[in-house]
Amino acid sequence: MGAIKEKILKIVQNSISGTEFFLIETNIRGDQRKRIIEVFVDSAKNISADDLAELSRKINDVLSEDEEVGNYRLDVSTPGVDRPLKFIEQYPKNINRNFELEYNFGDEIKKQKAKLVSVNGNELTFYDGKNEFLINHNQIIKAKVLISFS
C-alpha cells in the first residue's frame with residue numbers, strides 16, 4: 001500500500017477510535033486528482049444516517065486539512081445486508097434473525113440456514129428448526145443475514 005493510502009487509513013482509524021463504531025473495511029481507489037475513499041463501519045447497536053453523517057464529517061475534517069490527499073470523494077456507510085458478517089461484534093444485534101451459514105465442522109464444510117439464538121463470547125447458538133447447535137466464531141467461513149419481509 002502506498003504511503004498516502006496508509007496515511008488515509010490511519011486518519012480513518014484515528015477518527016473511529018473512541019467511538020462506538022468499529023472498522024469493517026476501507027477501500028481507496030484513484031489518485032490525487034480523483035480519489036475515492038469508501039469507509040464501511042458497524043456498531044453493536046443500530047446505526048442511523050445521522051450517526052454516519054457525523055462520522056463522515058469527523059473524518060472529512062481531518063482529510064481536508066491534508067494537501068497530500070488531494071481531491072477525494074468520501075463515502076461512509078455500513079456494509080449493508082448483502083455483505084457477510086466479519087466480526088463477532090456484529091452478531092448480537094442480529095439475534096433472532098435468520099442466517100445462511102458456511103462453517104467448518106470437523107473435516108467438512110457445512111452449509112445451512114438457521115436462526116441466531118444467542119451470543120456468548122465467541123460461541124454462537126443457532127436453531128435450524130429442529131435443534132440448537134453451537135458454532136465458534138472461528139469456525140465460520142461465511143455468515144450472511146437473510147432478509148425477511150414477514
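Ten bridges join strand E1 to strand E2 (residues 34–43), the two running antiparallel, where strands (E, at least two residues) and helices (H or I, at least four) are DSSP runs numbered from the N terminus, and two strands are taken to pair if DSSP finds at least two bridges between them. The model is a predicted one, in which local features need pLDDT of at least 70 and side-chain atom pairs count only at pLDDT 80 or more, while totals for chains, interfaces and linings use all residues. Residues are numbered from 1 along each chain as its sequence is written, and side-chain values use heavy atoms, with hydrogens and water left out.

Within E2, Ile37 is the bridge partner of Ile28. The sheet as a whole is open and comprises three strands in the order E1-E2-E3, with mixed pairing. Its edge strands, each pairing on one side only, are E1 (21–31) and E3 (72–77). From one strand to the next the twist averages 10°, with axes defined as lines fitted to C-alpha atoms, for helices over the stretch in contact, and angles running from 0 to 180 degrees between N-to-C directions.

Two helices pack on this sheet. Helix H1 (residues 3–16) touches E1 and E2, and its direction makes about 155° with that of E1, contact meaning heavy atoms within 4.5 Å. Helix H2 (residues 49–63) touches E1, E2 and E3, and its direction makes about 150° with that of E3.

The helices also pack against each other, at an angle of about 135° and with their axes 9 Å apart. H1 is therefore oblique to H2, given that angles under 35 degrees count as roughly parallel, over 145 as roughly antiparallel, 65 to 115 as roughly perpendicular and the rest as oblique. The contact is made by Ile8, Ile11, Val12, Ser15 and Ile16 of H1 and by Leu55, Lys58, Ile59, Val62 and Leu63 of H2.

The loop between H2 and E3 contains Asp66, which counts as buried because its relative accessibility is 17%; buried denotes under 20% relative accessible area, exposed over 50% and partly exposed in between (1.4 Å probe, protein chains only). The side chain of Asp66 forms a polar contact of 2.9 Å with that of Lys7, a polar contact being a pair of N or O atoms within 3.5 Å, of which, within protein, one must be able to donate a hydrogen and the other to accept it, and residues adjacent in sequence count only if both atoms are side-chain atoms. The Asp66 side chain also reaches the backbone nitrogen of Glu68 at 2.9 Å. Leaving aside neighbours within four places in sequence, Asp66 is in contact with Lys7 and Ile11.
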